[in-house]
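Welcome, and please open your viewer. We will go from one selection to the next, and at each stop you can check what is there.

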Amino acid sequence: MTKFSLAVLLFFAVPIGVLAQKVSETRKYSSMLGKQVACNSNPKAGKLLMELSRKRFISKTYVVQDSISYYRLKRPMSVLGFNPAAVFGFQQGYDNFFLRSPGTAPPEMVGIITRDSVSSAKTKLSKLGLKNVRVEEHLYNLAGNVNRSKKKFVEIMCWERH
């Protein structure tokens, strides 16, 4: 093998390796998020969302409402058959990550924001046999402003159960 051939091989091998690592990492975090949103147990958003931040899947919050922090996704992923545009959550004990508002803390939760309609999201979740998952219209656009557009976002979430 010539030096040129070796250089060309290395030139293409390194990016392919990096791409494979990113795909594997995306699958890992998609699966972890999906397991929490599926709501088979109480969600634990703190460690997961901090890891998503550290791995640069999310950046700073675009809105914080009632201590619940919302983050736009910077890298695409698939969660339970949805293609989320953002993630959100809250967990006690992560004061440096989740900004607290005055008053009673919300329930611990984790969720995704999608472009699906409420009825479409509920249908998909029903087909997956997921009954404990909450679905609501998201009040904001991804810039953190009240969404006045006809195209709404939907929150798909798991809340802690007592």
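Select Phe98, which is buried, with a relative accessible area of 1%. Here buried means under 20% relative accessible area, exposed means over 50%, and partly exposed lies in between (1.4 Å probe, protein chains only).

Before you move on, a word about what you are looking at: this is a predicted model, where local features need pLDDT of at least 70 and side-chain atom pairs count only at pLDDT 80 or more, while totals for chains, interfaces and linings use all residues. Residues are numbered from 1 along each chain as its sequence is written, and side-chain values use heavy atoms, with hydrogens and water left out.

**Second stop: the rings around it.** Rings of Phe, Tyr and Trp (its six-membered ring) pair if their centres lie within 6.5 Å; planes under 30 degrees apart count as stacked, over 60 as edge-to-face and the rest as tilted.

Now show Tyr71, buried with a relative accessible area of 3%. How are the rings of Tyr71 and Phe97 arranged? Their centres are 5.4 Å apart and their planes at 20°, so the pair is stacked. Tyr71 lies in strand S2 (residues 68–73) and Phe97 in the loop between strand S3 (86–90) and S4, so the pair ties together parts that are 26 residues apart in sequence. Helices (H or I, at least four residues) and strands (E, at least two) are DSSP runs, numbered from the N terminus.

A search of the whole structure finds seven aromatic pairs.

Select Gln91, in the loop between S3 and S4. With 10% relative accessibility, Gln91 counts as buried. What does its side chain reach? It comes to 3.1 Å from the backbone nitrogen of Ala45, and a polar atom of the Gln91 side chain lies 2.7 Å from the backbone nitrogen of Gly46. Not counting residues up to four places away in sequence, Gln91 touches Lys44, Ala45, Gly46, Lys47, Phe98 and Glu108; contact means heavy atoms within 4.5 Å.

Show Arg75 and Phe57: the charged end of Arg75 sits over the ring of Phe57, 3.9 Å from its centre. Then go to Trp159, where Arg134 lies over the face at 3.7 Å from the ring centre. A charge sits over a ring if NZ of Lys or CZ of Arg is within 6 Å of the ring centre and within 35 degrees of the ring normal.

Select Leu33 and Ile156, the residues with the most contacts inside the largest nonpolar core, which has 43 residues. Such a core is a set of buried Ala, Val, Leu, Ile, Met, Phe, Trp, Tyr and Cys residues joined through side-chain atoms within 4.5 Å. Strand S6 gives the most to this core, with five residues.

**Last stop: confidence.** Colour the model by pLDDT, the predictor's confidence in each residue, from 0 to 100. The mean for the protein is 88. Look at residues 6–10, where the pLDDT is below 50. Where pLDDT is low, the predicted coordinates should not be read in detail.

Notes
A polar contact is a pair of N or O atoms within 3.5 Å; within protein, one must be able to donate a hydrogen and the other to accept it, and residues adjacent in sequence count only if both atoms are side-chain atoms.
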